[in-house]
Amino acid sequence: MQSQSSVFHADEAFIINGPLIVELKFRKLFVPLSALIQTFFLQMMKFAWDSYKQYAFGKNELRPLTKNGHIGNMFGGLRGATVVDALDTLYIMELEEEFQEAKKWVEKSFDLNVNGEASLFEVNIRYIGGLLAAYYLTGEEVFKSKALELGEKLLPAFNTPTGIPRGVINLGSGMSWSWGWASAGSSILAEFGTLHLEFLHLTELSGNPVFAEKVMNIRKVLNRVEKPQGLYPNFLSPVTGNWVQHHVSIGGLGDSFYEYLIKSWLMSDKKDSEAKKMYDDALEAIEKHLVRRSAGGLTYIAEWRGGILDHKMGHLACFSGGMIALGAEHASEERKQHYMDLAAEITNTCHESYARSDTKLGPEAFRFDTGTEAMATRLSERYYILRPEVVESYMYMWRLTHDLKYRQWGWEVVKALEKHCRVEAGFSGIRDVYTTVPTHDNMQQSFFLAETLKYLYLLFCEDDVLSLDDWVFNTEAHPLPVNHTNFKTKASVQ
């Protein structure tokens, strides 16, 4: 990087580098600056990692204000969520020393003999996804063996009358149960529907068909049950296999189920036609019943409660712009442009939720009612916890269109993160995006290193860095290889 307050000129773009914020002036060309920008992301990642290492190493997440670690109760006694979540990001960014620190911790200190209640979903996407990605990128056997051992510990959750897993499992005893807040002991669509990618790889690596059988059975149950208006409600009984209530959301509780349908097809090298049909049918129903346009011209995806629309969109739902664009690449010719346009409109709406806040970061949820558009109207929805979904869509939209605005928008997020979320010992979420002197929430989420920083970095990389032709990202941004018969990962050629 240039020294403080220096000016860097490159073709028709230049930057001014201050102590924390790098200001970009975009004109016609951006590519000549990409290497310099990547260096900046490396510094952000190194700062986040070094802070975690100094104050919370081995704990699940860093509390950057109080400079200590957080364990939480999502992971059943497992430790090091940030270590495992960060492995592939460190490797991709070529932060070799930091990657070796993380690998050594997994080898020496990552204990799977724990006894506590864990979220099946979170352990799968963060730990198993992170370990699988690290194995495929490096070929290091320790990551494979830990992933397989942990996968075995999740299998008892599927011991239900339907084979639909319950959401919580004790990793020691194998006892499982549903979340206390879930309607009538139901399982959650986004949880049992977000196992497919990882479990197919567990079968591939172990030779044990049980992992694939478990997730293929979930498909059978979903195909058997009637879908209201073609939609998938968020709550399903693991006992009866019937929907518990008709709440449909592309945000929390539903989101990654849809993502894993199109990605299952892509990961199969476009052979899993069942997944593609389920995705196409679901998207058609979503567009018909949930996609709406506001009076101000913003396209959004509402939530559906038994036929009544709730005109709100969660930050979690902002992944859908990228998902729809990814699917559009493989739609029929007459629908391809339509879906690319829809993806661009949704991504623009999510950008507006950032642009309309004082911090230029987006709220947890934003609404389209009472004259308000793309803004939070409730105090409980004004926070930002370093979430990645908006920059995730920017990355996909950039890769698939090369429209420069997505890099511009990504840079706006970087500036806002540096200004409002960077603290002395890491990055912290904020409690209100609508004040320029926000209160910090004292949490550096593991997904900030796994997803937010990775997607921002990839947004400014060449397209062949984790090419979308060869890799799919799980819902925690951990890259898993497409099953090309002629595609070799490092692991397969060791």
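User: Taking contact to mean heavy atoms within 4.5 Å, which residues does Glu122 touch, not counting residues up to four places away in sequence?

Analyst: Glu122 touches Met74, Phe75 and Tyr127, with residues up to four places away in sequence not counted. This is a predicted model, in which local features need pLDDT of at least 70 and side-chain atom pairs count only at pLDDT 80 or more, while totals for chains, interfaces and linings use all residues. Residues are numbered from 1 along each chain as its sequence is written, and side-chain values use heavy atoms, with hydrogens and water left out.

User: Is Glu122 buried or exposed?

Analyst: Glu122 is buried, at a relative accessible area of 14%. Buried means under 20% relative accessible area, exposed means over 50%, and partly exposed lies in between, for a 1.4 Å probe and protein chains only. Glu122 is found in helix H4, where helices (H or I, at least four residues) and strands (E, at least two) are DSSP runs numbered from the N terminus.

User: Which residues carry the "active site" annotation?

Analyst: The unreviewed UniProt entry places it on Glu122, Asp255, Glu364 and Glu389. UniProt positions are in the numbering used here, feature names are shortened, and annotations may be inferred rather than shown by experiment. Glu122, Asp255, Glu364 and Glu389 are included in the lining of the largest pocket.

User: And what surrounds Glu389?

Analyst: Beyond residues up to four places away in sequence, Glu389 touches His315, Leu316, Cys318 and Phe319. Glu389 is in helix H13 (residues 389–401) and is buried, with a relative accessible area of 9%.

User: How much space lies in that largest pocket?

Analyst: About 1,000 Å³. On a 1 Å grid over the protein atoms alone, a pocket is an open set of points with protein on both sides within 12 Å along at least five of seven lines; a cavity is a set where a 1.4 Å probe fits but cannot get out, and lining residues have an atom within 4 Å of a point. Grid points are joined across faces, edges and corners, and a volume is the space filled by probe spheres set on the points.

User: What lines the largest pocket?

Analyst: Its lining has 48 residues, with Phe121, Glu122, Gly252, Leu316 and Arg387 lying nearest the centre. H4 gives the largest share, 4 residues. Elements that each supply at least two residues include helix H9 (255–267), H13 and helix H15 (446–459).

User: Where is His196 found?

Analyst: In helix H7 (residues 196–206). His196 is buried, at 7% relative accessible area. Leaving aside neighbours within four places in sequence, its contacts are Val215, Met216, Arg219, Tyr260, Ser264 and Asp272.

User: Last topic: which members of the largest nonpolar core touch the most others?

Analyst: Of its 156 residues, these are Leu78, Val106, Tyr258, Leu361 and Leu417. Helix H4 (residues 120–138) contributes the largest share of this core, 12 residues. A nonpolar core is a set of buried Ala, Val, Leu, Ile, Met, Phe, Trp, Tyr and Cys residues joined through side-chain atoms within 4.5 Å. Outside four places in sequence, the contacts of Val106 include Val83, Leu131 and Phe143.

Definitions and conventions: Contact means heavy atoms within 4.5 Å.
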